[in-house]
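Thanks for coming. I have one model to show, so please look at the screen first.

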Amino acid sequence: MTDAITDQIEPRRAPRVGFRAVLRAIIKHKLSRVGIIIIIMLVSMAAFAPWLAPYDPNKQDLYHVLSGPSMEHWLGTDNVGRDLLSRIIYGARVSLMVGVLSTLLSATIGSLIGLVAGYKGGVVDMVVMRITDTFMCIPWLVFVLVLAAALGPGLINIIITLGALGWTGFARIIRGQVLMVRELPYVEAARASGATGRRIMFKHLLPNSVAPIIVASSITLGLFIMVESAAAFFGLGAQPPTASWGKALRTGYAYLEIVPLFSIAPGAMITLAVLAFNFLGDGLRDALDPRLRGEGEKL
Amino acid sequence: MSALLDVKNLQTYFITDDGLVKAVDGVSFDLREGETLGLVGESGCGKSVTALSILRLIPNPPGKIVGGEILFEGRDLIKLSEDEIRAVRGNRIAMIFQEPMTSLNPVLTIGRQVSEPIIVHRNTSKEEALKESIKLLTSVKIPAAETRVKAYPHHFSGGMRQRAMIAMGLGCNPKLIIADEPTTALDVTIQAQLLELMKNLTRDYGTALIIITHNLGVVARYADRVNVMYAGRIVEKGTARSIYGDPRHPYTIGLMASVPRLDQDTKTKLVPIEGQPPDLLYVPPGCAFHPRCIYASDKCPQVVPELRAVDANHEIACWENVKK
């Protein structure tokens, strides 16, 4: 899974472009504009859930169990009579929280590991990168299931598990960048002015290597939302009664023939979120690489 | 006055897959306080490696200082620990690099970068270091330094960046500045300004200066003494006056003859040195210059000539007695 990410982002020089130029390029990129709109929508859903949701997500309406869409319940109700729309709005919180935190965690771990491997080089690099390769071989979902089984289900454990697995792609990207940046004259100049290894790593190498991490983060975020939903599907994510898309999908699956919307709606939300972050990732990649700028228009 | 820097028989080799490259092979020279030394030679003759060896910045592997001594203020830099040499870099000895366009970090402001050596070595606060860098930038004649410290390198022109680099080098008031091709990438007018500036600053601060260059004109004007290098060795050394007025080594004579001069008749032909500088993997035996030398005798391919005095303060490594 991470291979796909690594391959999309070949190591390249951080283009010297202003923040505004990048922002303009992202907005010009049609797909990423769609992505941004969806992401803003999802974030507002998560942030303003208590005001947006028509009902308390845990309140049961036992007169309407497994009802289809109606004026009272726009998306219908679930098997215990809770309003589906409200649960989907609240479910954005779980998905986004898991996505953002686990991406942050794995990007941080990966950047540090890649930075050290790239800077130290030689044996350290060899050993660290072989460990990375080993981690890359682990099938994610199985590992998530095993670790969640060992640690017990719950959101925090899912985040930790994703962080512990997802860093490999980031480590490879940063290492590739660092290998290139560390040969640049300003790094030698810093060394010649007496800077310590740590100073060179964090002041000179890291800031000049992170641009592709932003792109990878966006794509990884979408991926993690999907993995979280999959884990929830197997009952390992958020625990009842917390509203979660993956769990709703799972429960609704059993009633597919009676109320299809019960599983289709959360499924659509998952797809939408993953797509949105991928679109944004594509836009970011093109925006950060001036050579590709303008090509987004053709999409 | 004792020497500030005394390099004795420095040998820096690179171990490559193709074989051993003796980039610097037995180089000795010394430098007094406040003096300016020119290190001249073609590309790949070992000038830059000599400079990097002094600060122990040779990437290892593949490079390694295999022999010799580098005495600076009485201490052998080769024997210092990693922490001790770091305290020398940028503090006692500063280095200015040849690529002003890429020698500054694009994501840090000029102020931050000029402050860097001061923060590293002086343990001052960021604010104080920034104040200091404004002074430094003013001293290298960057106008409106108070606002320019907030600028990023891409806001600066090549000449301004090189000025910022010089300011960075001066930060800790070093005893020695090594300038590696400091003006190569710049316009001639800017070159002259910067060299003049460096000369004045080193005079004011009493800093010794090593200028590494392939530009003989630069050395003629600004250096007190000159070392001419060829294939990892010094082939001629002396005062700038004696070397320009009376070059004795066939290589130096050849170098001078291949520089176009305005005061020459345009009908006078330039006399280039025939052949290519040697591949350091296969340095010719004996005197490395003999395949290209028009004065070469039978002895030249057999025995490596050592430096010998031909005059007071003038040495050459050549078996022949050539006069221009």
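First, the housekeeping. This is a predicted model, in which local features need pLDDT of at least 70, side-chain atom pairs count only at pLDDT 80 or more, and totals for chains, interfaces and linings use all residues. Residues are numbered from 1 along each chain as its sequence is written, while chains are lettered from A and ligands numbered from 1 in the order in which they are written.

Start with the chain contact. Chain A puts in 17 residues and chain B puts in 24 residues, where contact means that two C-beta atoms, placed from the backbone, lie within 7 Å. On the chain A side, helix 9 (185-192) and helix 10 (197-205) each supply at least two residues. Helices (H or I, at least four residues) and strands (E, at least two) are DSSP runs numbered from the N terminus. Helix 9 of chain A gives the most to that side, with seven residues. By class, the side of chain A that touches chain B has eight nonpolar, five polar and four charged residues. Nonpolar here covers Ala, Val, Leu, Ile, Met, Phe, Trp, Tyr, Cys and Pro; charged covers Asp, Glu, Lys and Arg; the others, Gly among them, count as polar.

Now the strands of chain B. Strands of a sheet pair through backbone hydrogen bonds, either parallel or antiparallel. For this model, two strands pair if DSSP finds at least two bridges between them. Eight strands of chain B form an open, mixed sheet in the order 6-7-8-3-9-10-12-11. Its edges are strand 6 (93-96) and strand 11 (308-311) of chain B, each pairing on one side only. Within chain B, strand 7 (residues 176-180) runs parallel to its partner, strand 8 (residues 208-213), over five bridges. There, B:Leu176 has B:Ala208 as its bridge partner.

What does strand 1 of chain B pair with? Strand 1 (residues 3-16) pairs with strand 2 (residues 19-32) of chain B in the antiparallel sense over eleven bridges, and a hairpin of two residues joins them. Strand 1 of chain B also pairs with strand 4 of chain B, again antiparallel, over eight bridges. B:Thr12 shows both pairings: it stands opposite B:Val24 in strand 2 of chain B and opposite B:Ile65 in strand 4 of chain B.

Next, phi. Most residues other than glycine have a negative phi. B:Asn9, in strand 1 of chain B, has a positive phi near 50°. B:Asn9 is exposed, with 11 other C-beta atoms within 10 Å. B:Arg56 has a positive phi of about 55° and lies in the loop between helix 1 (47-54) and strand 4 (63-72) of chain B. B:Arg56 is partly exposed, with 18 other C-beta atoms within 10 Å. The scale, with C-beta atoms placed from the backbone, is buried at 20 or more others within 10 Å, exposed at 12 or fewer, and partly exposed in between.

Last, two helices of chain B. The axes of helix 4 (residues 126-139) and helix 6 (residues 158-170) of chain B come within 9 Å and cross at roughly 125°. Axes are lines fitted to C-alpha atoms, for helices over the stretch in contact, with angles from 0 to 180 degrees between N-to-C directions. That angle makes helix 4 of chain B oblique to helix 6 of chain B, because under 35 degrees counts as roughly parallel, over 145 as roughly antiparallel, 65 to 115 as roughly perpendicular and the rest as oblique.
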